[in-house]
Amino acid sequence: MKPSSMPKLLNFLWALSFACASFAQTSTVQIRVYGGQQDDRGRRVVQLSGGDVLILSTTNSTDDGTPHAWLHRMDSTADLVWSTTIEDEPLLQPMDAVEHGDGLITVLGMRFGGVAQAYDWGWYTLNSEGDFLTETHWGTASWDLPVRTMLRNDTLWSVGTSYSNGTGAPWVTAHVWVDDSWSLVHEGAAGATGEELNVVDAAFLGEQLLILSTVIEGSRVHWMAVNPLTDESIWTYESSWADATSAVALDIQGGAAVALMNVETEAGM
């Protein structure tokens with residue numbers, strides 16, 4: 001596998017800068033548009049060192065028309081540093097990324113392994129210049145859907161949903177960087193409830209791994225804290241609205257965790 005030649009991509013990238021004076025403040029919005037005629041979508045913005053950011057996108061605007069991960073590294077003024085695509089047949093969608101080591105970047109991707117393997121997880125590592133270095137895969141014969149990856153104490157933690165136990169459940173993997181590649185050191189279902197959960201987001205709060213999910217039946221939000229080493233549940237929370245509720249995002253601010261949810265009422269979402 002190697003980065004393909006640069007395709008077109010329709011993606012809106014913006015940066016906001018502020019100029020402050022003694023009695024007035026003005027703002028300037030810079031817009032970057034990349035794109036072609038196919039289904040091309042932005043996915044996530046990841047903070048890198050030195051003020052740079054990594055834009056994760058998916059593009060179908062390739063020679064073979066199949067989805068590839070498309071990465072843009074932008075500096076603090078939203079100017080392009082480099083861009084590249086990552087392909088993994090028959091298709092690959094980027095989900096998240098982390099920076100580690102001496103400027104290395106590892107992208108967590110959801111790849112389609114074929115009818116027999118369905119979707120599984122892939123980690124694709126590039127150097128600081130965007131050159132592809134190595135890849136690692138995890139998955140079962142069932143659907144395995146990655147969501148988030150986080151670097152903590154030199155361990156790469158990744159969270160998503162796996163149907164390997166028959167019902168969608170939070171799945172956690174851990175890798176360490178050994179001999180210029182990621183080596184799997186832990187995997188398991190986290191705080192399985194017996195209900196079908198669709199993991200939406202995850203984050204560390206101290207020693208606890210927080211996982212935010214939507215319960216498929218009943219449309220409720222399920223939020224849990226687990227021990228990442230044992231996958232045992234520490235505490236759980238479920239939304240109590242009578243209306244259908246879905247999880248959206250999770251964030252950590254200081255010692256507090258904030259979860260965003262959508263509630264579908266008669267008046268609208």
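**View 1. Strands β4 and β5 run side by side in opposite directions.** Seven is the number to look for here: 7 bridges join β4 to strand β5 (residues 68–74), and the two run antiparallel. Within this pair, I55 stands opposite H72 in β5. Strands (E, at least two residues) are DSSP runs, numbered from the N terminus, and two strands pair if DSSP finds at least two bridges between them. This is a predicted model, in which local features need pLDDT of at least 70, side-chain atom pairs count only at pLDDT 80 or more, and totals for chains, interfaces and linings use all residues. Residues are numbered from 1 along each chain as its sequence is written, and side-chain values use heavy atoms, leaving out hydrogens and water.

**View 2. On its other pairing, β4 meets β3.** Here 6 bridges join strand β3 (residues 41–47) to β4, again antiparallel. R44 stands opposite L56 in β4. The two strands form a hairpin with 5 residues between them, and G50 in the turn has a positive phi of about 70°.

**View 3. Is strand β4 buried or exposed?** 7 of the 7 residues of β4 (residues 53–59) are buried, so this strand is largely enclosed by the rest of the structure. Buried means under 20% relative accessible area, exposed over 50%, and partly exposed in between (1.4 Å probe, protein chains only). In a regular strand the side chains alternate between the two faces of the sheet. Both faces of β4 are covered: V53, I55, S57 and T59 lie on one side, with L54, L56 and T58 on the other.

**View 4. Y237 sits in strand β18 (residues 233–238).** Y237 is partly exposed, with a relative accessible area of 33%.

Conventions
Helices (H or I, at least four residues) and strands (E, at least two) are DSSP runs, numbered from the N terminus.
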